[in-house]
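User: Could you walk me through this one before I set anything up? I would like to start with what the terms mean.

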Amino acid sequence: MKKYICTVCDWVYDPETGDPESGIAAGTSFEDIPEDWVCPVCGVGKEDFQVVEE
């Protein structure tokens, strides 16, 4: 699964760890996160994330 980075604050969403504090379980792909989820650091929406090119 691909990692996604916030283009505002550079926080990386890693599907292996998810975002447990926001109720996103480990193993959840970015595409499966609810549309109303926001970055846990700066609060922007999914539209402000892009794929991390590895």
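Analyst: Buried is used for a relative accessible area under 20%, exposed for over 50%, and partly exposed for values in between, with a 1.4 Å probe and protein chains only. The model is predicted, with local features needing pLDDT of at least 70 and side-chain atom pairs counting only at pLDDT 80 or more, while totals for chains, interfaces and linings use all residues. Residues are numbered from 1 along each chain as its sequence is written, and side-chain values use heavy atoms, with hydrogens and water left out.

User: OK, is C6 buried or exposed?

Analyst: C6 counts as buried, because its relative accessibility is 0%.

User: And how many disulfides are there?

Analyst: Taking a disulfide as a pair of cysteine sulfur atoms within 2.5 Å, the count is zero. C6 is in no disulfide, and the nearest cysteine sulfur to it, that of C42, is 3.7 Å away. C9 is likewise in no disulfide, with the sulfur of C39 as its nearest cysteine sulfur at 3.7 Å; C9 counts as partly exposed, because its relative accessibility is 29%.

User: Switching to charges, how many salt bridges does a search of the whole structure find?

Analyst: It finds two, where a salt bridge means a side-chain nitrogen of Lys or Arg within 4 Å of a carboxyl oxygen of Asp or Glu. One of them joins the side chains of K3 and D14, at 3.8 Å from N to O. K3 lies in the segment before β1 and D14 in the loop between β2 and β3 (49-51), so this pair ties together parts that are 11 residues apart in sequence. Strands here are DSSP runs of E with at least two residues, numbered from the N terminus.

User: How exposed are K3 and D14?

Analyst: K3 is partly exposed, with a relative accessible area of 29%, whereas D14 is buried at 18%.

User: And what does K46 pair with?

Analyst: The side chain of K46 meets that of E35 in a salt bridge of 3.4 Å, N to O. K46 and E35 are 11 residues apart, and each lies in the loop between β2 and β3. K46 is buried, with a relative accessible area of 8%, while E35 is exposed at 64%.

User: Last one, where does D10 lie?

Analyst: D10 lies in the loop between β1 (4-6) and β2 (12-13), and D10 counts as exposed because its relative accessibility is 54%. From C-alpha to C-alpha, D10 and V41 are 9.2 Å apart in space, although 31 residues apart in sequence.

How values were computed: Helices (H or I, at least four residues) and strands (E, at least two) are DSSP runs, numbered from the N terminus.
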